[in-house]
Amino acid sequence: MGIDAAVVQLRRGDPDALTTLMARYQNRIYRYLLRLVRQPADAEDLFQQTWIRVAEKIRSFDTSRNFDAWLFTLARNLAFDHLRRMRPSSLDEPWGGDSPEDTMVSRLASADPGPLEQLLARERAGRLVVALEDLPLSYREVLTLRFEEEMKIEEIALVLATPVATVKSRLYRSLAQLRQILETNAGGEVRA
Amino acid sequence: MSRRDEHAEIREQLALFVAGALEADAESRVALHLVTCPDCSAELERWQVIAGGLRRLPTPQPPAALFERTRALATAQLAEHREQRRNLIVLMLLILFSWAVTLAGWPIFRFATGGLLSLVDVNFRQTWLLFVFFSLGTWLAGGSAAVLLSLYRRHERRLA
């Protein structure tokens, strides 16, 4: 079943369509939420809330619009409400998991089969994730939507409810700051 | 625009170039400049390292149990909404039915109590009062049936 067909079926209340959509989007939504809130437990909670909200609101979704943008907007609103509830200053705190092992980096699963490749890829990815975590929330968000979710600039503008020009300037600033952090951490040379 | 100005402008656009966020004409201009400018090409490579790293970041996997747990909750929500919608439709139909019974039953009631002719020669005050009592009786019966039905369904749900 394709996305569009599943959305139509879900609007009619078909639980199988919900399973199809969840299976299709689960990794993307979880990753996006994890990048926003940084705590795996919070991301899991928000993941549940997002799909419950989808079940609640699907009838109000206009099928002529972009489902990805609608879904990510739902997830985003829940994540921002959650972050606001915690306390506004927590929006851009560095990562602070309870256990040193329970970090976002430790959650990253590598698909590379070779042990050396896996190690190198993990090291590079780990460095990049650490640098990402140092970025403000709005910068992390725009980077994950563009590079990990591979959304078009116009789609990102829909999710963020901002003009395309703002998305571009935010994207530029976030890349510049990420590069600066990586260069600082690597002693002047980009080795992400 | 001088070569120096163009060079500076292109440099500014390299980050958005690797992000694929430039308009087609700006993208062509950057690509054209890169062919003849080794400095900007070297700078582009640095941006590409970052962009490539971001694109290749491994996807964090949600815990396996989370999917099933979420699916169960969302499905229950979906079923609840479906039932609410069905109840609303039933309620609307019941209201329509009640009005139909009230309006259709009135002439029959009048016929049984005073004959059809009295419908023509009406005493407005008396007719109005009778109509009110008749309607109240009908709606009360309908309301009681709806309450009993809802109690029965709640009891059934509890047993399930």
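**Reading the two chains**

Guide: In chain B, residues 24 or more positions apart account for 64% of the contacts with a separation of 6 or more; two residues are in contact if their C-beta atoms, placed from the backbone, lie within 7 Å. This is a predicted model, in which local features need pLDDT of at least 70, side-chain atom pairs count only at pLDDT 80 or more, and totals for chains, interfaces and linings use all residues. Residues are numbered from 1 along each chain as its sequence is written, while chains are lettered from A and ligands numbered from 1 in the order in which they are written.

Visitor: How many helices and strands does chain B have?

Guide: Helices (H or I, at least four residues) and strands (E, at least two) are DSSP runs, numbered from the N terminus. Chain B has six helices and zero strands. Buried residues make up 14% of its 160 residues. A residue is buried if 20 or more other C-beta atoms lie within 10 Å of its own, exposed if 12 or fewer, and partly exposed in between, with C-beta atoms placed from the backbone.

Visitor: Which residues of helix α1 of chain A are buried?

Guide: In α1(A), residues 3–11, they are A6(A), V7(A) and L10(A). Seen down the axis of α1(A), these buried residues fall within an arc of 100 degrees, so they line one face of the helix; the arc is that of the directions from the helix axis to the C-beta atoms. D4(A) and A5(A), on the other side of α1(A), are exposed. The buried residues of α1(A) pack against α2 (15–37) and α4 (67–86) of chain A. After α1(A) comes G13(A), with a positive phi near 95 degrees.

Visitor: At what angle do the axes of α8(A) and α9(A) cross?

Guide: Two packed helices are described by the angle between their axes and the distance between the axes. Here the axes of α8(A), residues 153–160, and α9(A), residues 164–185, come within 9 Å and cross at roughly 100 degrees. That makes α8(A) roughly perpendicular to α9(A) (angles of 65 to 115 degrees; under 35 is roughly parallel, over 145 roughly antiparallel and the rest oblique). Axes are lines fitted to C-alpha atoms, for helices over the stretch in contact, and angles run from 0 to 180 degrees between N-to-C directions. I153(A), E154(A), I156(A), A157(A) and L160(A) of α8(A) meet V164(A), V167(A) and K168(A) of α9(A).
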